Structure formats: C-alpha cells, structure tokens
Amino acid sequence: MGVHSASEGVLAGLDPEQRSAVTAPAGPVCILAGAGTGKTRAITSRIAHRALSGEISPRHVLAVTFTARAAAEMRHRLTLLGAQGVQARTFHAAALRQVRYFAPRLLAGRAMPELLDSKVRLVTLAAARVGMRADRAAARDLAGEIEWAKSSLVEPGDYVVAAARALRDTPHEPAKVAEVFTAYEQLKRSNGVIDFEDMLRAAVWGIEEHPDVAEQVRGQYRHFVVDEYQDVNPLQQRLLDAWLGGRTDLTVVGDASQTIYSFTGATSAYLVDFPRRHRDATVVRLVRDYRSTPQVVGLANAVISQARGTEARLRLELSGQRPPGPEPDLRIFTDEPAEANAVAARCRSLIDAGTPAKEIAVLFRTNAQSEAYEKALTEAAVPYVVQGAERFFERAEVRQAMVALRSATRSIPGETPLPAAVVEALTAVGWAPDAPPAGGAARERWEALAALVQLAEEYAATPELVPIGEAASVERPVTLTDFTEELARRAAQQHVPTVDGVTLASLHSAKGLEWDAVFLVGLAEGTLPTTYAKTVEQVEEERRLLYVGITRARQWLWLSYAAARSPGGRARRPSRFLPQLDRSGGTERAGAATGGARRPERRRTQIVSCRICGATLLAGPDRKLGRCPTCPSDIDDELHERLREWRQRVAGAQKVPAYVVFTDATLTALAERRPRRPEELIAIAGIGPRKLGLYGDSVLALVGGAGVDDVCPEKTFEISS
C-alpha cells in the first residue's frame with residue numbers, strides 16, 4: 001500500500017466531524033468532543049494520518065493524557081493504525097522520563113532525589129512539627145490541599161490568600177495548613193526526596209532555565225496532543241508551554257461538560273480560552289454519540305442544557321447514533337434500603353436475562369453509599385466489585401470501629417438503646433454525631449462511621465422475637481452484642497472474592513468508563529448535589545457529575561432516589577438536576593393585597609406513573625399519555641377521529657392553530673384514557689382549569705359517545721381575555 005493510500009485508509013469510516021478533526025491543518029486545533037463521540041479515534045487517526053502522509057514523523061510526536069490506561073489505549077490504537085514510535089504518556093510519566101534523562105546534567109553529577117509514592121507519611125510528621133495531631137484521614141486531606149496548592153503554582157507563603165480567593169473548603173484553619181505546608185517542604189528537602197509536583201516543576205525548570213535542555217527537548221518533540229484538556233491544572237499547562245516554546249503545533253481534546261475535578265486544581269479555563277489564546281485555531285465539535293441510545297443521550301442533553309457558568313459556554317448537544325432503546329427508568333423509593341434492594345433485584349434480572357455482570361454498574365456520589373448496595377447485592381447472590389475504593393467492611397475506619405464496638409459490649413450497660421450505644425462506642429475512635437469535618441478523606445471517614453450508626457438505627461427498629469411457649473413469643477430489644485454479630489456476618493459475606501461482577505463506583509471514579517446498564521442511585525438533594533456544594537460553581541460541578549454518570553450508559557439507565565434515608569425518616573426532595581420531574585419551584589404568585597413583593601413558591605413534586613406497568617414516567621409526551629412508549633396502546637380510534645374533527649372546528653372558530661386547543665399528544669391521551677369525570681380529565685397533563693372550563697363539557701360528551709355536531713354546532717368558542 002502506498003503512502004497516499006495508507007493515509008487515506010485512516011479516514012475510512014470516520015464521520016464528517018471526525019474527518020474534519022483528522023485533516024485539520026497543522027497548528028492549534030481544539031477538538032470539543034462530547035461523551036461517546038469517538039475522541040480517542042479522532043486524535044489517534046489525526047496522528048496516524050499526518051504520520052502516514054509524511055507530514056510529520058511519529059518519533060517527533062508527544063501525546064499526553066491523565067491515566068496510564070488511556071495512554072496505553074492510545075499507543076495500542078496508533079500501532080494498529082501503523083503509526084509506531086509515537087510517545088503516548090501521562091503528564092507525570094513524560095516529565096519523569098525527561099527529568100531522569102537530564103538529571104546528570106542538571107544536578108552536576110549528583111544522584112536524582114527519590115520520588116515519593118505518597119505525601120501522607122511526611123505530612124503526618126509535618127503536622128506534628130507544628131503541633132497538630134493528624135490521623136491518616138486528616139493527613140490525606142492535608143496532603144490533598146498541599147497537592148492543590150502546588151498544582152496551582154501556589155507557594156506556602158501565598159497559601160492563605162490563594163485558598164480564600166479560590167473559596168477552598170480547607171481541612172483546617174488556612175494559616176495552620178500553611179504552617180504544615182511549610183514544614184512539609186522543609187522535611188522533603190532534609191530527607192532528600194521530591195514529590196510528583198516537584199518532578200513536574202523540575203521538568204519545567206530544566207527547560208526554562210537551561211537553553212541546551214530546551215533545545216534538545218524541543219528538537220525531539222515538535223507536535224503535541226493533549227487528551228482530556230479540561231482536566232489540565234496550572235502546573236501541567238506551564239510544562240506544556242515549556243515543551244511548546246512558542247510553537248503552535250498543538251491539538252487539544254476535551255469536553256467542558258465533563259469538568260469534575262476542580263477540587264484537585266484542574267480547570268477548564270485553558271480549554272474554554274483556547275480560541276482566544278490561539279487566534280488562528282481550528283475548532284471542531286464532535287457531537288455524534290456512538291455509545292448511548294438516543295433515549296440516554298436525550299436525558300444527558302436535558303440535564304446539561306440547564307448548566308450555567310463558564311463551562312456552559314462550550315456545552316455540546318449530542319446526537320445519539322445508536323438504534324432506539326428503552327426510556328430511562330426513574331424510580332422513587334420510601335427509603336434507602338428499599339432502593340438498594342430494588343437495584344439488586346433488577347441487577348439479578350438483567351444477569352438472568354443474559355447481560356454480563358461486568359456490563360452493569362451502580363454509581364453513587366460518595367463511597368460511603370456503597371455499603372447498602374454491597375449488602376443488597378450479596379443477599380441477591382449478585383457478584384460485585386468495588387471500583388476505585390475498598391469494600392465498606394475493608395476500610396480501615398470501619399475495621400477500627402468494629403473493634404471499638406466489640407470492646408464496648410463489655411463496658412456499655414446492656415439496657416442502653418442500641419443507637420445510643422453505637423454512638424457512645426464510636427466516640428472512642430474520634431467520631432462525633434455533629435457536622436462532618438472539612439476535607440474529603442476526613443469527611444468520607446465520618447460518613448462511613450455515620451453509616452454504621454444508621455445501620456444500628458435500622459437494626460434496632462426490628463426487635464428480636466423470643467419464644468415463650470409453643471404458640472407465643474415476646475419482643476426483645478436488640479443489643480450491642482447482637483449488632484456486632486450482625487456486622488461480622490455482613491463482613492464475612494462481603495469478603496468473598498469476586499472476579500466478574502457488577503461494578504460499584506463513585507461518579508468520580510466512573511469517568512472514562514462505560515457499561516451496558518447503569519444505575520444512578522441516591523439522586524436526592526443533599527447527596528447530589530452534596531450539601532457541601534455551597535457556591536454556584538460547586539453546584540454546577542455537581543450537575544456535571546450527574547451528566548458524566550448518565551453518559552456512562554450504553555443501553556439501560558436507571559435513576560433513583562429514596563424519599564427518606566431510613567424507614568420512617570425525614571422526607572427528602574429529588575435532585576434539582578432531574579428536569580423530567582414536574583416541579584413548579586420558581587413559579588411566581590402575586591403578593592398580598594397590600595402590595596407585597598412577588599416571590600417564588602415551591603409546590604409539591606408531582607410523580608406520574610405508567611398506568612400499565614407502574615414505572616415512573618420521564619418524558620413529557622409519556623407523562624401526558626400516562627404510559628411508557630413501549631407499553632401497549634389501548635386507543636379508541638373512532639373517538640380519536642371525532643376529537644380531531646372537533647379540535648379542527650374549534651380552532652377554526654377561534655382562528656388559532658389546532659395545537660393551541662389541544663396538542664396531538666393530548667388528543668391521543670384522551671382517546672386512550674377516556675376520562676368520564678372532570679377530575680379524570682384534569683388529571684391529564686396539559687389540561688388545566690382554564691381548558692377544563694373552556695372545553696371540558698364538550699370533551700366529556702364526546703367521550704360519552706356524542707357526535708361532533710352535537711357538541712360543536714354553528715357557534716363560535718370565545719376565549720375571555
């Protein structure tokens with residue numbers, strides 16, 4: 001095959017937008033790629049097309065991304081396309097390779113410092129040095145805060161101001177964090193070690209301060225590709241600018257609507273501002289979604305269409321390319337145990353029907369939510385694996401708590417109510433039943449222990465029946481000993497190793513993955529968005545998390561929330577991000593007669609269920625019909641024709657379009673549901689009190705068998721102003 005044929009062969013099968021991305025001229029190129037639109041195919045095809053056509057040499061290309069898995073996938077595809085020799089690495093791997101290579105020159109023969117695998121140990125020592133005791137969770141949060149600062153190019157002396165400007169939810173008082181940050185840097189130097197951010201900065205320093213290094217690096221790498229560009233932080237952008245050295249052969253790929261790592265320092269600002277920074281940039285939008293059904297894509301579009309803020313300027317409206325599939329299934333449950341049991345039962349039925357367990361995922365906002373699903377899946381004999389986190393009973397804080405609970409069985413009086421006994425026992429491991437601490441790891445630890453308290457409350461609600469005779473029994477309150485034995489039983493069940501199972505994962509760890517069936521659970525206010533999302537920007541990131549979760553599903557999508565955390569608990573509202581629920585929050589009513597101001601008034605959420613199968617309905621037309629589109633229609637065709645003729649006459653008399661009287665969907669709903677009374681008529685979505693007054697008698701007469709001439713003689717319908 002000739003050079004021309006090989007390069008043209010790369011274009012085979014690409015859609016028009018992908019082809020535009022692949023064949024864009026050399027120079028700055030920005031590919032805005034929605035979820036499932038084939039971005040990896042587009043960027044690897046672009047590299048291969050340029051290499052096979054002779055425009056560039058593969059060995060002069062550096063493609064960077066954020067995970068070793070994504071880099072390996074990129075290398076594999078490039079090999080299949082015949083573009084061997086391209087360097088596809090993570091930012092850290094590329095920087096480490098360069099720093100190690102140039103270390104003898106930059107360090108004047110001294111050995112390169114050891115690279116820390118984790119900051120936690122040194123951060124713990126740094127905290128102690130400034131008089132702060134930090135357990136592992138607190139040390140992880142402090143390490144995360146130091147990582148954010150270093151990734152954002154913030155020095156210890158500037159931390160307090162920078163944290164305030166960024167509205168950081170700091171794990172401790174900012175001045176104290178700055179002290180730990182300073183002590184950490186000192187300990188690193190005295191121990192002769194560096195961390196990952198130091199290594200990136202060393203790569204930048206080597207290029208910016210050493211012309212010979214800059215010349216060699218830039219001679220080697222002349223063409224750059226950056227995947228997931230919305231996740232770049234300031235330090236990584238600084239390194240990219242150093243690599244480029246003012247050159248412009250740069251292709252970036254990203255989706256602002258999938259910006260969900262802002263808390264780590266990642267920012268979509270570089271993606272959003274790319275056309276402004278590069279005035280001659282080519283911008284290509286990939287919007288054809290090959291992953292998900294049109295029904296899933298439609299819901300994703302509906303959720304992200306409500307987004308506000310900087311990222312919303314680049315949102316993409318996706319177009320589903322797969323054959324139609326089932327409508328997303330929205331379910332509402334009385335409490336979280338009921339929700340988890342229903343999810344497990346549905347997973348069991350999917351597996352029994354032939355869906356591989358590994359093609360099913362249950363996604364939630366926080367890792368602490370996993371326990372209920374681990375238990376429910378275990379009881380339903382459904383294998384599972386936990387993605388990106390330990391199983392609930394394997395977490396260090398849970399193991400520590402179980403030890404404390406067993407010890408407490410010997411010291412806490414047996415008559416103490418179980419929930420109170422559990423709370424008292426957990427105080428021994430530093431838990432307190434008040435607001436959780438700031439910081440992600442410390443908050444997760446608190447939530448895991450809070451989950452044990454909730455389990456105790458649920459367990460205490462079902463007293464044990466003790467037999468007192470052949471036909472009688474009495475209730476005995478469950479004790480702390482009973483509870484510890486129950487926890488041990490659950491832990492033993494969930495420790496069984498599994499290989500192929502349903503994936504349990506947080507929404508953050510699900511990024512970049514996909515499954516045939518996805519369950520998005522816990523979609524209640526206070527969970528998604530989390531109560532910790534205080535600013536508009538933080539709330540918008542929560543919305544994007546739901547968008548990422550939705551776009552993980554290929555075929556089946558389930559969205560659910562529990563009206564209460566536990567049986568009989570306080571009622572909760574569904575997530576504000578679910579546009580299909582019929583809310584009127586934000587509608588205005590007139591103020592008092594004295595001239596009071598108009599203010600929003602929130603009404604109760606209305607849930608519409610399919611009258612045939614009982615599923616909660618999402619789409620407007622389905623809600624109006626009162627049934628799922630896949631459920632059988634029982635339309636009265638003759639009544640439908642009479643209703644259409646009547647609507648035509650009324651619309652003509654009023655000199656308005658027919659849909660102003662009733663939409664086609666409303667006529668179909670009337671012919672299917674055949675209401676006999678005014679209350680049945682007004683229950684149909686789209687028929688309010690006004691239309692009931694205008695047309696109610698005529699419609700009810702038509703349903704009762706009257707002819708069009710009987711209800712619509714030569715008279716004009718007048719609409720009062």
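Begin by selecting tyrosine 221, which sits in the loop between α11 (211–220) and β6 (223–226); helices (H or I, at least four residues) and strands (E, at least two) are DSSP runs here, numbered from the N terminus. This is a predicted model, in which local features need pLDDT of at least 70 and side-chain atom pairs count only at pLDDT 80 or more, while totals for chains, interfaces and linings use all residues. Residues are numbered from 1 along each chain as its sequence is written, and side-chain values use heavy atoms, with hydrogens and water left out.

Is tyrosine 221 buried or exposed? Its relative accessibility is 10%, so tyrosine 221 counts as buried, where buried means under 20% relative accessible area, exposed over 50%, and partly exposed in between (1.4 Å probe, protein chains only). Now show what surrounds tyrosine 221: leaving aside neighbours within four places in sequence, it is in contact with Arg59, His60, Val61, Leu62, Gln87, Gln98 and Arg247, contact meaning heavy atoms within 4.5 Å.

Next come the charged pairs. Side chains of opposite charge can pair when their charged atoms come close. A salt bridge here is a side-chain nitrogen of Lys or Arg within 4 Å of a carboxyl oxygen of Asp or Glu, and by this rule the count comes to 43 salt bridges.

Select glutamate 179 and lysine 176, whose salt bridge has its closest N and O atoms 3.5 Å apart. Both residues lie in helix α9 (residues 174–191), three residues apart, which is about one turn of the helix. Glutamate 179 is partly exposed, with a relative accessible area of 37%, and lysine 176 is partly exposed as well, at 26%.

Move on to arginine 554 and glutamate 514, whose side chains meet in a salt bridge of 2.9 Å, N to O. This pair links distant parts of the chain, 40 residues apart, with arginine 554 in strand β18 (residues 553–562) and glutamate 514 in the loop between β16 (502–506) and β17 (515–520). Arginine 554 counts as buried at 18% relative accessibility, whereas glutamate 514 is partly exposed, with a relative accessible area of 32%.

Now turn to the sheet. Strands of a sheet pair through backbone hydrogen bonds, either parallel or antiparallel. Select six strands in the order β11-β18-β17-β12-β16-β13, which form an open sheet with parallel pairing; two strands count as paired if DSSP finds at least two bridges between them. At the edges stand β11 (329–333) and β13 (384–387), each with a single partner strand, so one side of each is left without a neighbour in the sheet. From one strand to the next, the twist averages 20°.

Stay with β13, which pairs with β16 in the parallel sense over four bridges, and find tyrosine 384, which stands opposite valine 502 in β16. Finally, select α22, which lies across β12, β17 and β18 and runs at about 145° to β17.

Technical notes. Axes are lines fitted to C-alpha atoms, for helices over the stretch in contact, and angles run from 0 to 180 degrees between N-to-C directions.
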